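Please open the structure in your viewer and keep the selection panel at hand.

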Amino acid sequence: MKNEARKHHYISQFYLKGFGKSGLKNPQITAINLRDKKYFTTTSNNLASIRDFNRISVPNLKADAIESALSDFEYKAAEAIREIHRTKKFEGENRILVLQLIAMFHSRNPAQRENTRDFMSRVFKTSSSILQRHDAEFRNKTEELASTL
């Protein structure tokens, strides 16, 4: 039985490896931290990953089910990029896979997750506030309607 994936990359390793020396299993890559204006050299395995980033807790599903499904998609996307590189044609299913990969990189990262979490929190707080302000009015209208039945 395969071990459960715990190191989840929000940028696919196959994509990161494209920035390293070709042909190596785990090439060295120079990364730049734009916030700190510093650079460092590491491997693709050590970049753009967070432990249990895609972990779920859902009955009847493995905790790494999302990571496993993403791995299957990323394999197809890697094949599509290789095919596009080989044929010089950006069309059909390969085009769709690459565009989906780009969308995934945009939406599946720590900053976007935090933006979504913040948005959902503000929606919940606003909704709760509205409900609390109108709770008494709602109860009165409900009782009034119920009395006419």
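**A tour of the salt bridges**

Select glutamate 4 and arginine 6 to begin: their side chains meet in a salt bridge, at 3.9 Å from N to O. A salt bridge here is a side-chain nitrogen of Lys or Arg within 4 Å of a carboxyl oxygen of Asp or Glu. Side chains of opposite charge can pair when their charged atoms come close.

The model is predicted: local features need pLDDT of at least 70, side-chain atom pairs count only at pLDDT 80 or more, and totals for chains, interfaces and linings use all residues. Residues are numbered from 1 along each chain as its sequence is written, and side-chain values use heavy atoms, with hydrogens and water left out.

Now display the surface of this pair. Glutamate 4 has 35% relative accessibility and arginine 6 has 30%; both count as partly exposed, a class between buried (under 20% relative accessible area) and exposed (over 50%), with a 1.4 Å probe and protein chains only.

Next, select arginine 55 and aspartate 52, whose side chains form a salt bridge of 3.9 Å, N to O. Arginine 55 is partly exposed, at 39%.

Finally, move to helix α2, residues 65–87, where arginine 82 and glutamate 79 lie three residues apart, about one turn of the helix. Helices are DSSP runs (H or I, at least four residues), numbered from the N terminus. The closest N and O atoms of this salt bridge are 2.8 Å apart. Arginine 82, at 46%, and glutamate 79, at 36%, are partly exposed.

By the rule above, the count comes to nine salt bridges.

Notes
Helices (H or I, at least four residues) and strands (E, at least two) are DSSP runs, numbered from the N terminus.
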